[in-house]
Amino acid sequence: MPDDVDGRVLFGVATRHAAQDGVAGGGVAGLGDIVMVPSVRDARDRGVLHAQPMFQRLTPHGIAWPDDTEQPCDAVVWCTGFRPNLTHLEPLGLPRHDGVVATVGTRSVDEPRLYLLGYGDWTGPTSATLVGAGRTAKATVADIAARISAQATP
C-alpha cells in the first residue's frame with residue numbers, strides 16, 4: 001500500500017465502513033496489501049522485498065504457482081484475519097475438532113511446518129486484533145527462527 005497508509009489509517013477506514021454499514025469487518029482492501037511500517041519500507045528500499053502473485057497450492061516441500069514454479073519453504077504463515085477460510089488446506093488432510101485445526105501456539109500439531117495466525121483465542125489471546133496480531137506474529141517468528149536454528153545445529 002502507499003507509504004503514508006498505516007494501521008491507524010486502515011483501522012479508521014474499517015471503523016467508518018462499519019458505522020456506515022452497521023456491520024463490523026467489512027475490510028478496506030484486498031488480501032496481500034502490506035502496510036508500510038518502517039521494517040517493510042526498509043526491506044523494500046534494500047531490494048529484499050519482492051511482491052509475488054498468490055501461489056496456487058502447497059507441495060511437500062513448499063509452495064507452487066499455476067505454471068508449476070515451486071518455492072521451497074520451511075514454513076508458510078497464512079494470515080486470514082477475522083473470517084478464516086481454510087479450504088485451501090484441505091489437501092493436507094488435517095484433522096479438525098469443531099472446525100478448528102489443532103495448534104500449539106500458532107503451529108499446527110499435525111503439520112509442524114504450518115503456522116496459523118489471526119484466529120482469536122484459538123491461536124493466541126487477541127491474535128485477530130490489530131494489537132494482538134503483532135504480538136502473535138512476533139512470537140510466531142521467534143518460534144520459526146528457533147526451529148530453523150535447531151535444525152541447522154549439528
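The model is predicted. Across the protein chain, pLDDT averages 75. Three strands form an open antiparallel sheet. The structure also holds one cavity of 30 Å³ or more.

**Confidence**

- A pLDDT of at least 70 is reached by 64% of the residues.
- Strand S3 has the highest mean pLDDT among the elements of the protein chain, at 93.
- Helix H1, residues 7–21, has the lowest mean, at 63.
- Over residues 23–32, pLDDT stays under 50.
- For that stretch, 23–32, the model has 10 contacts beyond four places in sequence.

**The sheet**

- The strand order is S1-S2-S3, and the pairing is antiparallel.
- S1 (57–59) and S3 (70–72) are the edge strands.
- Each edge strand has a single partner, so one side of each is left without a neighbour in the sheet.
- Neighbouring strands of this sheet are turned by 30° against each other on average, direction ignored.
- S1 and S2 (residues 62–64) run antiparallel and are joined by three bridges.
- Across this pairing, Leu58 stands opposite Ile63 in S2.

**The largest cavity**

- The largest cavity holds about 130 Å³ of space.
- Its lining includes Leu58, the residue that stands opposite Ile63.
- Thr59, His61 and Gly62 also line the cavity.
- Cys73, Asp74, Ala75 and Val76 are in the lining too.
- Leu92, Glu111, Arg113 and Leu114 complete the list.
- By type, the lining residues of this cavity divide into six nonpolar, three polar and three charged.

**The second largest pocket**

- About 160 Å³ of space lies in the second largest pocket.
- Helix H3, residues 130–152, gives the most to the lining of this pocket, with four residues.
- Ile144, Arg147, Ile148 and Gln151 are among the lining residues.
- Pro112, Arg113 and Tyr115 also line the pocket.
- Asp74 and Ala75 are in the pocket lining, and both also line the largest cavity.
- Arg113 likewise lines the pocket and the largest cavity.

Technical notes. Residues numbered from 1 in each chain as written. Predicted model: local features only at pLDDT ≥ 70, side-chain atom pairs only at ≥ 80, totals over all residues. Heavy atoms only, no water. Pairing = 2+ DSSP bridges. Helix = DSSP H or I, 4+ residues; strand = E, 2+ residues; numbered from the N terminus. Axes fitted to C-alpha atoms, helices over the stretch in contact; angles between N-to-C directions. pLDDT = per-residue confidence, 0-100. Contact = heavy atoms within 4.5 Å. 1 Å grid on protein atoms, 1.4 Å probe; cavity = no way out; pocket = protein on both sides within 12 Å on 5 of 7 lines; lining within 4 Å. Points joined across faces, edges and corners; volume = space filled by probe spheres on them. Nonpolar A, V, L, I, M, F, W, Y, C, P; charged D, E, K, R; others polar.
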